[in-house]
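User: I would like to learn how to read a helix and its surroundings in a model. Could we take one example and go through it step by step?

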Amino acid sequence: MEHAGSERIAPATTRRRLLKGAALAALPYALLPSAPARARPRIVDQPSVDWLSADPANYTVADRPTECPIDLVVIHVTQATYTTTLGVFQNPGKKVSAHYVVRSADGHIAQCVREHDIAWHAGNWNHNTRSIGIEHEGWVDRPAYFTNALYQESARLTAAICTRYSIPKDRAHIIGHYEVPGTDHTDPGPNWNWELYMTLVNAS
């Protein structure tokens, strides 16, 4: 992830280590902000998602696509629970974020960064500026986390993003984190069903 003050310089701590933060792993769902207090404000970009903001220290304020085009969607797997991931994004010391997080059990989606802003998710500044990052709750080696609900709701979101920014709904523009130049990440991993996912995206 890029550091806000240095723009192009990635911090030494990797995203994978951040999302594995043991201190946050035990956070119960009950500790999340209540739905009436912070859910679905008018500033969300996608209907029916909840707003659970990343800390402003973890992304770059921008004016996309006016300042730079959005032409990619990057698919991630959290390597942590949904609640742990949200906690990491809300921690100003972590320097990491994504635009959306999709929950495994029911496909529920939280938006953490506005689409016009630049989330720090790809580990590559050029790709961060061009993309929307979607995290999916789970682990690359635990396919049971990739539920039908997760695939369906994520595909609906990706299709809507592609429509908003005239992004082609193909694998050249909807990519895995492992396809970002310079990355050492493997997500979404070999258990991610790209054929199913792209079928759902194009059907949405």
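User: What does a side-chain oxygen of Asn-193 reach at the start of H7?

Analyst: The model is a predicted one. In it, the backbone nitrogen of Glu-195 has a side-chain oxygen of Asn-193 within 3.3 Å, at the start of H7.

User: Which residues of helix H7 are buried?

Analyst: Buried means under 20% relative accessible area. In H7, which covers residues 194-203, Trp-194, Tyr-197, Met-198 and Val-201 are buried.

User: Why do the buried residues of H7 line one face of the helix?

Analyst: The general idea comes before the case. An α-helix has 3.6 residues a turn, so residues three or four places apart point the same way. Looking down the axis of H7, the buried residues fall within an arc of 90°, so they line one face. The face turned away from that buried side carries Glu-195, Thr-199 and Ala-203, which are exposed.

User: Which residues lie over the face of a ring?

Analyst: For such a case, look at the distance from the charged group to the ring centre. Arg-103 lies over the face of Tyr-82, at 5.0 Å from the ring centre. Arg-142 lies over the face of Trp-139, where the distance to the ring centre is 4.2 Å.

User: How many residues has the largest nonpolar core, and which have the most contacts inside it?

Analyst: A nonpolar core is a set of buried nonpolar residues joined through their side-chain atoms. The largest has 29 residues, and those with the most contacts inside it are Val-73, Tyr-100, Ile-161, Ile-174, Trp-192 and Tyr-197. The elements giving two or more residues to this core are S3, strand S4 (100-102), S7, H6 and H7. H6 provides the largest share, 8 residues. Another core, of 14 residues, lies apart from this one and includes Ala-54, Val-88, Phe-89 and Ala-110.

Conventions:
Residues are numbered from 1 along each chain as its sequence is written. This is a predicted model: local features need pLDDT of at least 70, side-chain atom pairs count only at pLDDT 80 or more; totals for chains, interfaces and linings use all residues. Side-chain values use heavy atoms; hydrogens and water are left out. Buried means under 20% relative accessible area, exposed over 50%, partly exposed in between (1.4 Å probe, protein chains only). Helices (H or I, at least four residues) and strands (E, at least two) are DSSP runs, numbered from the N terminus. The arc is that of the directions from the helix axis to the C-beta atoms. A polar contact is a pair of N or O atoms within 3.5 Å; within protein, one must be able to donate a hydrogen and the other to accept it, and residues adjacent in sequence count only if both atoms are side-chain atoms. A charge sits over a ring if NZ of Lys or CZ of Arg is within 6 Å of the ring centre and within 35 degrees of the ring normal. A nonpolar core is a set of buried Ala, Val, Leu, Ile, Met, Phe, Trp, Tyr and Cys residues joined through side-chain atoms within 4.5 Å.
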